[in-house]
Amino acid sequence: MMVKKWLCNEGGNIALFVLGMLSIIMILLVFVVNLGGALATKEQSGTTAQQASMTASSVLYEEVRRVIYEYEDETLEGAVQAFFEDIEEMVDERASELSGSGDYADWTVNEIELEAFDQVLTEEMNKDVVRDKLNELLTVEDIESKVVNKTRNAIVANNGVLDGAELAIKDDRFYVRAANEMESVSFDGFMEGIQENVYQESAGPRIDFLDVVWGGPTVTSLE
């Protein structure tokens, strides 16, 4: 009887030990899974911020180009005054020059076109009459609102959250601070209900005329 009782106690102790070890293993597994989830969310947030900053830059380029070309091609004043005379041709020529340069060998066609436009417009805006006219045209168009709205849309399209998101202008670049949400995996109440926004910041390409058309460094909430 004593032996049988001892064996039963040993069996019970082993069962408790195994259950305890399984619980510890599950807790460690949950911790590892959540750590991996946090790292994945951080990477996703970086992608979200990067896409949003590139979107802001692209929208600005597209809108400024549209305003200039439409003014030159579709208005009598634009045709007569020629504030932006031959700028489209100048951009095409500059793009061809950049394409033939080894410094831009790994750039895409779109990136080269944007860089060419940036260089040409920056040079042209050294002329007071050109700078004043462009500022006048951009004020009417309200390009800032278009950039902000498209940047918001880019964050949402990448499953990001707008809570705490910001669009900043500094050093002739758009900087976007954005986040994706991480939701924890739990086990028996361990790490249950944890939801955190993981923030990252990314900068778009340098735009030499950005401060001129935007009015200097600013920070805009995207919430």
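## The largest pocket

The largest pocket comes out at about 240 Å³. Here a pocket is an open set of 1 Å grid points where a 1.4 Å probe fits, with protein on both sides within 12 Å along at least five of seven lines; the volume is the space filled by probe spheres set on the points. This is a predicted model, with local features needing pLDDT of at least 70 and side-chain atom pairs pLDDT 80 or more, while lining totals use all residues.

Of the 13 lining residues (those with an atom within 4 Å of a point), Trp-107, Glu-111, Leu-114, Glu-115 and Pro-205 sit closest to the centre. Helices H1 (2-74) and H4 (109-124) each give two or more residues, and H4 gives the most, with five. Helices are DSSP runs of H or I, at least four residues. The lining splits into five nonpolar, three polar and five charged residues.

## How H3 meets H4

H3 (residues 87-99) packs on H4 at about 125°, with the axes 8 Å apart.

Residues are numbered from 1 along each chain, and side-chain values use heavy atoms, without hydrogens or water.

Notes
Ala, Val, Leu, Ile, Met, Phe, Trp, Tyr, Cys and Pro count as nonpolar, Asp, Glu, Lys and Arg as charged, and the others, Gly among them, as polar. Axes are lines fitted to C-alpha atoms, for helices over the stretch in contact, and angles run from 0 to 180 degrees between N-to-C directions.
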